[in-house]
Amino acid sequence: MSRPLSVLIVEDEVLLAVELGFLVREAGCVEVGHALDSADAVRLAQDLKPDIALVDVHLSDGPTGVDAAREIAEQAGAIVLFMTANVKRLPDDLAGACGVIGKPYSDRAVRRALTFLARCLQDGAAPGPPPPGLALSDSFVGRWGVDQTAPAA
Amino acid sequence: MIIVDAQAPDMPIVFANDAFLNMSGYRRDEVMGRNCRFLQGPDTDTDVIKALANAIANGEPTNVDVLNYRKDGEPFWNALQISPVRDAKGQLVYYIGSQVDVTARKAAEAALEAAAAEQARTAQQALADRTALLHEVDHRVKNNLQLITSLLVLQTRRTLDDATRAALQSMLSRVSAIATVHRRLFQSHDLERFDVATFIRDLMGDVSSGREEVEIHLDLERVDIPAAQAAPLALAVNELVDNAFKHGLTPGHPGRLSIQVRRLNGHYVIEVCDDGPGLPEGGAFDQGFGLTITNLLAQQLRATLTFEAGEPGLRAILKLPAHG
């Protein structure tokens with residue numbers, strides 16, 4: 001591993017954000033910031049240029065996570081991963097995000113997803129099929145050459 | 001009633017009774033000698049007039065509901081019936097037109113249609129509201145389960161005492177099992193049924209990552225149970241798997257865990273087998289908390305729970321009656 005990946009956490013539930021911070025560190029990444037609302041999320045993403053942004057759909061200013069995710073992906077160039085209880089409400093293209101983890105998630109599922117993403121980012125290709133609990137967007141399946149032949153989780 | 005001369009140019013009215021005069025509001029001298037198209041007005045349906053003209057041109061009788069206008073401009077619905085009258089040689093000589101004012105019936109019909117449309121709109125709105133509410137509740141339940149999970153993980157991190165840690169981790173695995181159920185229930189299109197095989201695949205995907213040395217073998221028939229049984233069954237299976245990991249499979253040592261789901265004679269049979277030390281001497285376990293709640297859950301599911309010697313290891317068998 002060349003350098004640890006930086007992660008921005010966008011989550012309005014503070015206890016979840018704290019726990020996510022632990023999981024980020026356990027996956028060998030570094031938490032660089034935490035935003036509670038979409039404006040902070042976009043600003044922090046542009047200032048900190050994180051490698052990965054973990055984004056909830058419902059933030060403290062409403063269901064603004066999808067728009068924030070699009071801006072973070074397009075303007076700050078971060079790899080966005082949605083973490084939401086509202087998987088069905090996400091647009092088909094996942095707003096430029098690489099994938100989604102449905103809530104309620106387990107700590108293991110998040111650790112595995114982060115480890116998987118770290119490998120994808122560092123190698124430019126997936127080490128194998130995505131771990132259970134992580135669903136990838138079509139465009140990232142193509143970008144990372146993900147093997148989807150494994151049984152669906 | 002009116003009679004028009006079918007042979008004179010433009011078919012003028014040659015007779016009008018008092019009922020017609022009352023209905024239309026005209027005096028007799030105002031209608032005699034005129035074609036009755038003066039009854040039409042701005043909202044009269046031109047298609048109806050065309051159909052009427054066609055029937056007349058072909059010398060056929062016809063019935064139409066047409067919007068007509070009184071002399072004072074007031075519209076009324078006219079149920080018009082026209083019949084041709086022919087002479088001995090079959091020559092068309094007169095048309096007889098009889099009129100009934102059906103404005104009240106038309107109004108009632110329109111009101112009925114409006115009421116039906118309104119009812120449909122209300123029903124649609126109610127359905128949309130219900131769906132939105134369901135999504136909202138689903139969303140809140142998921143978020144609350146997430147919060148409970150994260151709280152348990154946070155406290156586990158802070159706990160140094162091994163026994164307390166183990167208890168917290170057991171609770172976390174139980175909450176996670178319920179969370180997995182909830183995630184699955186609302187992912188499927190059928191909210192009434194719960195797919196046991198998919199649940200077990202989810203559960204094992206989550207559990208196994210911590211114990212890579214254990215080889216996991218799944219042999220799962222597709223089995224759907226009522227959604228109401230999903231949480232108790234998921235908890236029971238979770239306990240059996242947890243038990244296998246704790247007592248059957250020593251950490252750090254290779255082992256094998258297999259789970260089988262199948263249908264058998266009106267029952268669903270779920271077997272969890274490990275290749276550990278198996279049944280203790282005397283064939284019975286101490287009633288730990290895990291086993292206690294598994295037995296209670298089995299009771300609730302009207303299922304039987306038995307433990308047999310595997311070859312090697314332990315085979316836990318949960319057998320529940322199949323529904324429908």
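Student: Why is A:Leu90 called partly exposed?

Tutor: Let us count, bearing in mind that this is a predicted model. A:Leu90 has 19 other C-beta atoms within 10 Å. A residue is buried at 20 or more and exposed at 12 or fewer, so with its 19 A:Leu90 falls in between and is called partly exposed.

Student: Where in chain A is A:Leu90, and what does A:Leu90 touch?

Tutor: A:Leu90 sits in the loop between β4 (79–84) and β5 (99–102) of chain A. Leaving aside neighbours within four places in sequence, A:Leu90 is in contact with A:Val66, A:Phe82 and A:Val100. As for A:Val80, 10 residues away along the chain, its C-alpha atom is separated from that of A:Leu90 by 13 Å.

Student: Over to chain B. How do you know that the length of α7(B) is close to what is expected?

Tutor: Helix α7 (residues 230–248) of chain B has 19 residues, and at 1.5 Å a residue the expected span is 27 Å. From first C-alpha to last, α7(B) reaches 26 Å, which is close to that value.

Student: And what makes α7(B) mostly covered?

Tutor: Of its 19 residues, 15 are buried. Being buried takes 20 or more other C-beta atoms within 10 Å.

Student: How does α7(B) pack with α8(B), and what is the hand of the crossing?

Tutor: α7(B) and helix α8 (residues 289–300) of chain B pack at about 145°, with their axes 9 Å apart, and the crossing is left-handed. Residues making the contact include B:Leu235 and B:Leu240 of α7(B), and B:Ile293 and B:Leu297 of α8(B).

Student: Last one: how many residues of chain B are in contact with chain A, and which helix supplies the largest share?

Tutor: 22 residues of chain B are in contact with 18 residues of chain A. On the chain B side, α4 (103–158), α5 (162–187) and α6 (196–208) each supply at least two residues. The largest share, 12 residues, comes from α4(B).

Notes. Residues are numbered from 1 along each chain as its sequence is written. Chains are lettered from A and ligands numbered from 1 in the order in which they are written. This is a predicted model: local features need pLDDT of at least 70, side-chain atom pairs count only at pLDDT 80 or more; totals for chains, interfaces and linings use all residues. Helices (H or I, at least four residues) and strands (E, at least two) are DSSP runs, numbered from the N terminus. The expected span of a helix is 1.5 Å times one less than its number of residues. Two residues are in contact if their C-beta atoms, placed from the backbone, lie within 7 Å. Axes are lines fitted to C-alpha atoms, for helices over the stretch in contact, and angles run from 0 to 180 degrees between N-to-C directions. A crossing is left-handed if the near helix is turned anticlockwise from the far one by less than a right angle, and right-handed if clockwise.
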